[in-house]
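I would ask you to read them with the structure open.

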Amino acid sequence: MKLCVALDLPTKSENIALIQKLKSEDVWLKVGLRSFIRDGEALLHEIKAINPHFKIFLDLKIHDIPNTMADAAESMVSLGVDMFNVHASSGRKAMRMVMERVNTFSNPPIVLAVTALTSFDNASFEAIYHTPIAQKAVDFAQDAYASGLHGVVSSVYESLDIKAHTAPSFLTLTPGIRPFGESSNDQERVADLETAKKQHSDFIVVGRPIYHSDDPLGVVKKIIENI
Ligand code: C5P
């Protein structure tokens, strides 16, 4: 299991200060919408300049018509990121086109599909998808698997079931982690580290419990020790 730290801070300098603190740690860094829209490609280069061993997950959750998604995927591969994601609800055709394009590159990144956002509770999810989260997350995962993606983003609670319905090697990346029972903030389906381990999560994403702490490096070290 790998730790992926969410770089969701309000300014670039705060993100960079956090990255500097984590400089020697074996972690992935997640660049999401806020940071990428504000700081763009330059941020990705700065991360690699701080430590080329940092792996970058570009979390833009793209969702559009198939050709536009394939074009965007190509642009993301060209940025040199190690992992990016799309929305599974964009459908099999779009995901297949993304993978066809990605696989034209010699060293393609990991591509994941978002199933159900961890901020949904069952009622608000069903209001949109008319299917319980547990079922729909597996359906989306099967679409992603059949389309040649490497894994999905899901809550911890769907991780084992997704692997059972796809393949044990099909990756799950699980946000909404509160490693040692910290506040859930706006997340609904949160879980601690022990649960993530039991659910065979491949990547855990942790944001606020790290960057809102007085000692982000200490929290990261403690998570890595307990993984
Ligand atoms: O601060 P926190 O640990 O809740 O951050 C979780 C991060 O994971 C945020 O950057 C959020 O955008 C992202 N994420 C999520 N749920 C998903 C996909 C991504 O919370 N399904």
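**Notes on the predicted model**

1. Lys 12 and Glu 46 form a salt bridge in which the closest N and O atoms are 2.5 Å apart, a salt bridge being a side-chain nitrogen of Lys or Arg within 4 Å of a carboxyl oxygen of Asp or Glu. Because Lys 12 lies in helix 1 and Glu 46 in helix 2, the pair ties together parts that are 34 residues apart in sequence. Helices here are DSSP runs of H or I with at least four residues, and strands are runs of E with at least two, both numbered from the N terminus. Lys 12 is partly exposed, at a relative accessible area of 26%, and Glu 46 is likewise counted as partly exposed, at 31%. For these classes, buried means under 20% relative accessible area, exposed means over 50%, and partly exposed is what lies in between, with a 1.4 Å probe and protein chains only.

2. On provenance, this is a predicted model, in which local features need pLDDT of at least 70 and side-chain atom pairs count only at pLDDT 80 or more, whereas totals for chains, interfaces and linings use all residues. Residues are numbered from 1 along each chain as its sequence is written, and side-chain values use heavy atoms, with hydrogens and water left out.

3. Which residues of helix 1 are buried? In this helix, which spans residues 12–21, they are Asn 15, Ile 16, Leu 18 and Ile 19. They cover an arc of only 160° around the axis, which puts them on the same side of helix 1; the arc is that of the directions from the helix axis to the C-beta atoms. Their cover includes strand 1, strand 2 (28–32), helix 2 (33–50), helix 9 (208–211) and helix 10 (216–226).

4. As background, an α-helix has 3.6 residues a turn, so residues three or four places apart point the same way.

5. Asp 143, in helix 6, is buried, with a relative accessible area of 19%. Leaving aside neighbours within four places in sequence, Asp 143 is in contact (heavy atoms within 4.5 Å) with Arg 92 and Met 95.

6. Strand 4 deserves a separate point, since 5 of its 5 residues are buried. Both of its faces are covered, with Met 83, Asn 85 and His 87 buried on one side and Phe 84 and Val 86 buried on the other. Strand 4 pairs with strand 3 (residues 55–62) in the parallel sense over 3 bridges, pairing being assigned if DSSP finds at least two bridges between two strands. Within strand 4, Met 83 is the bridge partner of Phe 57.

7. The count of salt bridges comes to 14. One of them joins the side chains of Asp 59 and Lys 61, at 3.0 Å from N to O; Asp 59 is buried, with a relative accessible area of 5%, whereas Lys 61 is partly exposed, at 26%. Lys 30, Asp 59 and Lys 61 are linked in a network of salt bridges. Glu 74 and Arg 101 form another salt bridge, with the closest N and O atoms 2.7 Å apart. This pair links distant parts of the chain, Glu 74 being in helix 3 and Arg 101 in helix 4, 27 residues apart. Glu 74 counts as partly exposed, at 30% relative accessibility.

8. Finally, there is the surface. Met 1, Ile 224 and Ile 227 make a nonpolar surface patch of about 200 Å². Patches are made of residues with over 30% relative accessible area and no salt bridge, like charges being joined within 9 Å and nonpolar side chains (Val, Leu, Ile, Met, Phe, Trp, Tyr) within 5 Å. Accessible areas come from the Shrake-Rupley method with a 1.4 Å probe, and for residues only the protein chains shown count as cover. Met 1 is found in the segment before strand 1 (2–6) and is partly exposed, with a relative accessible area of 32%.
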